[in-house]
Amino acid sequence: MSQFWKPGTEKPRLLDDEEGGVLFFAPSFSSSSSRFGYSSIEKQRQRLPVYKYRTAILYLVETHATTIIVGETGSGKTTQIPQYLKEAGWADGGRVIACTQPRRLAVQAVASRVAEEMGVKLGEEVGYTIRFEDVTNTGVTMVKFLTDGVLLREMMDDPLLTKYSVIMVDEAHERSISTDILLGLLKKIQRRRPELRLIISSATIEAKSMSQFFQNSKKHRGIEGEVVGPITEPAILSVEGRGFSVQIHYVEEPVSNYIQSAVSTVLLIHDQERMGDILVFLTGQDDIDAAVKLLSEEVQNRGRNSSGLIVLPLYSGLPRAEQDLVFTPTARGKRKVVISTNIAETSLTLEGVVYVVDSGFSKQRFYNPISDIENLVVAPISKASARQRAGRAGRVRPGKCYRLYTEEYFNNEMSAEGIPEIQRSNLVSCVIQLKALGIDNILGFDWPASPSPEAMVRALEVLYSLGVLDDDAKLTSPTGFQVAEIPLDPMISKMILSSSHLGCTEEIITIAAVLSIQSIWASGWGAQKELDEAKLRFAAAEGDHVTFLNVYKGFLQSSKLSQWCHKNYVNYHAMKKVIEIREQLRRTAQRLGIVLKSCETDMLVVRKAITAGFFANACRLEAFSHNGKYKTIRGSQEVHIHPSSVLFRVNPKWVIYYSLVSTDRQYMRNVISIEPSWLREAAPHFYHQQRPNPMLH
Ligand code: ADP
Ligand code: MG
């Protein structure tokens, strides 16, 4: 069995190779980086806790196929280890060191930090790739940061990921769906590529179970049957952090509104506590924007008292310049308040935080295979998350964490650990990716945590109805392979393929681009009434998707883009992103031999194409419903149109939604009206053979 490795005083000595790398090792303080001169960045690097383990890490990676590294957030795992590997020659001879992250924002932030530390231009020696954004230079980039999802996609062209010498799967404790799939596949690749090295790193992983997962990797045998190559048992290394103590405060009574309560807590800290930045954990863009607005208003009302407070949001989709503000050191006499999603829980470290306010919630994906509904829910976090959040307060000196829930709740009701995403997700994308990689027996796949068989069956059913899988559950040709090729949700990919037959690809790829970003509206400006009025200028009776086309057209026709956006409450950065994504989709479509045609003003075909992809999300308005109550056709679940939709209160009889969010009710976001007969046309199997659906008649 592997054990935690602790630095000792002995010389490097491998005790027990076969039994899995129990190591004793003298941490090396000699600096191999003195050749850089002692710039201040170099000094900062050497102060990080991982620096003491530099030699040990390089030694373990050299000798072990898999190294598991556990270390507190901010200890330097993500930014330093890839640099150590590069310095040690793992990127020589055109090879590349990869480091994956579950979150796009983290990929960008970390890559730009590492480029800065190495004194190179981002996109040259150090680069990054996220979906729709490739900032690397083949042949030049040595250290590449990417999302775990992008690395999975790369396997479609290069199944053994041959260009990488070391792959560091970072933030493994998050157990994102792509991380889990990746771990299963990397374990397979290791058998074929003994020279490949894996590093699994995280803040709080149950290192033992991860080690067990990689333990039964087969040993590589030479001709004589002798074991060759690196040690296949994983090594485990734990980086001792040096976080300061954090005092925990609980509320006495449960709070009814965590946004309001977070804002009052921040003001209280500002009034009563000494200097130091505040990090507030809320759940998503909506409540973060609301809190920023509320707090800014309070600060204004209170006049000079709170003048030193700088309030900043942090969530993915934030423009680059605003992201950078978050990392900018706080000026003397000022106090920064960063209101964040759980991206700041472990993925990103903000220096200078001394106070943490923890709402106790995060946005999580939940899927119910019975009702076949997946949505984003604001749900309680686990104890493990709560501890991580509190830890953020002890980075520079002893700190304080204010939990907006009771101690009793923490002790008795919070679950110990979160559930891996694969066990609470719709598996449609996951199944198609594995199929495209030639993995046919998906239930028999070597999962770090098995998905539920019900969810698997549901996914197979949808993929069959989409025409992506055939009767033998193999990818169909060409539809299945084409859908797998497009880097989007299979339902969107199918919509694009159908638009080709219907002659509206130009319109549909615009819609696909808009759907793949969070929102094109400037909702954060806080002027809801003005935003609603602006939306009306573009609103289409058919629904949100057609409204997007109107906005896009208006945007293209305007001469002063950013002014136009400002006037119309459209988010300029989001629109620029839409143009970029659209351009990439156009190229993908062309590669697949799809002829790009425009249907001009014929929105009927556009709606039919949407139906061809999203038939599974069809809903019907309940007869005699006065409050806009819909039921899903598939699972008879009650849903409502989201207030942000142009169809809110319009309530057409039949609609299709793009996604669901759940607050007090289940809300459909991005809704389009359809005719029920299109459903049978688009998916006869789904709505007919399986279970004759009385609602359709
Ligand atoms: P870990 O991966 O172990 O959580 P990181 O390597 O992300 O740690 O962070 C190490 C240090 O680098 C931290 O002190 C952090 O504040 C700093 N750092 C990381 N990213 C940035 C950035 N974009 N700007 C400024 N400092 C950063
Ligand atoms: Mg990290």
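Trainee: Which glutamate meets the side chain of arginine 582 in a salt bridge?

Mentor: The model is predicted. Side chains of opposite charge can pair when their charged atoms come close. For arginine 582 the N to O distance in the salt bridge is 2.7 Å. The partner is glutamate 506.

Trainee: How many residues apart in sequence are the parts that this pair ties together?

Mentor: Arginine 582 belongs to helix H22 (residues 572-591), and glutamate 506 belongs to helix H18 (residues 505-515). The pair therefore ties together parts of the chain whose separation in sequence is 76 residues.

Trainee: Is arginine 582 buried or exposed?

Mentor: Buried means under 20% relative accessible area. Glutamate 506 has 23% and is partly exposed. Arginine 582 has a relative accessible area of 9%, so the term for this residue is buried.

Trainee: What is the distance between the closest N and O atoms of glutamate 195 and arginine 193?

Mentor: Glutamate 195 is partly exposed, at 47% relative accessibility. Arginine 193 is buried, with a relative accessible area of 6%. The two form a salt bridge, and their closest N and O atoms are separated by 3.0 Å.

Trainee: Which lysine forms a salt bridge with glutamate 622?

Mentor: Glutamate 622 is partly exposed, with a relative accessible area of 25%. The N to O distance between the two side chains is 3.6 Å, and the partner is lysine 631.

Trainee: Which residues do salt bridges that share partners join into one network?

Mentor: A search of the whole structure finds 34 salt bridges. Those that share partners build one network, made of Glu42, Arg45, Arg54, Glu87, Arg113 and Glu117.

Trainee: Which residues form a positive surface patch?

Mentor: Patch residues need over 30% relative accessible area and no salt bridge. Lysine 43, placed in helix H1 (residues 40-47), has a relative accessible area of 43% and is partly exposed. The patch consists of Lys43, Arg47, Lys52 and Arg242.

Trainee: How many of the residues of helix H14 are buried?

Mentor: Helix H14 covers residues 428-436 and is mostly covered. Its buried residues are Val428, Cys430, Val431, Ile432, Gln433, Leu434 and Lys435. Of the 9 residues in H14, the buried ones number 7.

Trainee: Which helices do the buried residues of H14 pack against?

Mentor: Contact here means heavy atoms within 4.5 Å. The packing partners of the buried H14 residues are helices H5 (148-157), H6 (177-192), H15 (453-465), H16 (479-485) and H17 (490-502).

Trainee: Which residue with a positive phi follows H14?

Mentor: The phi of this residue is near 85 degrees. The residue is glycine 438.

Trainee: Which residues does arginine 104 touch, not counting those up to four places away in sequence?

Mentor: Arginine 104 lies in helix H4 (residues 104-118) and is partly exposed at 34% relative accessibility. Its C-alpha atom is separated by 8.8 Å from that of threonine 129, 25 residues apart along the chain. With residues up to four places away left out, arginine 104 touches Ile130, Arg131 and Thr147.

Trainee: What separates the C-alpha atoms of tyrosine 572 and proline 319?

Mentor: Tyrosine 572 is in helix H22 and counts as partly exposed at 26%. Not counting residues up to four places away in sequence, tyrosine 572 touches Phe555, Leu561, Ser562 and Cys565. Proline 319 is 253 residues apart from tyrosine 572 along the chain, and the C-alpha separation is 9.8 Å.

How values were computed:
Residues numbered from 1 in each chain as written. Chains lettered and ligands numbered in written order. Predicted model: local features only at pLDDT ≥ 70, side-chain atom pairs only at ≥ 80, totals over all residues. Heavy atoms only, no water. Patch = residues over 30% accessible without salt bridge, like charges linked within 9 Å, V, L, I, M, F, W, Y side chains within 5 Å. Areas by Shrake-Rupley, 256 points an atom, 1.4 Å probe, with all protein chains shown as cover. Salt bridge = Lys/Arg side-chain N within 4 Å of Asp/Glu carboxyl O. Lys, Arg positive; Asp, Glu negative; His and termini not counted. Charge placed at Lys NZ, Arg CZ, Asp CG, Glu CD. Helix = DSSP H or I, 4+ residues; strand = E, 2+ residues; numbered from the N terminus. Buried < 20%, exposed > 50% of the residue type's maximum accessible area, 1.4 Å probe, protein only.
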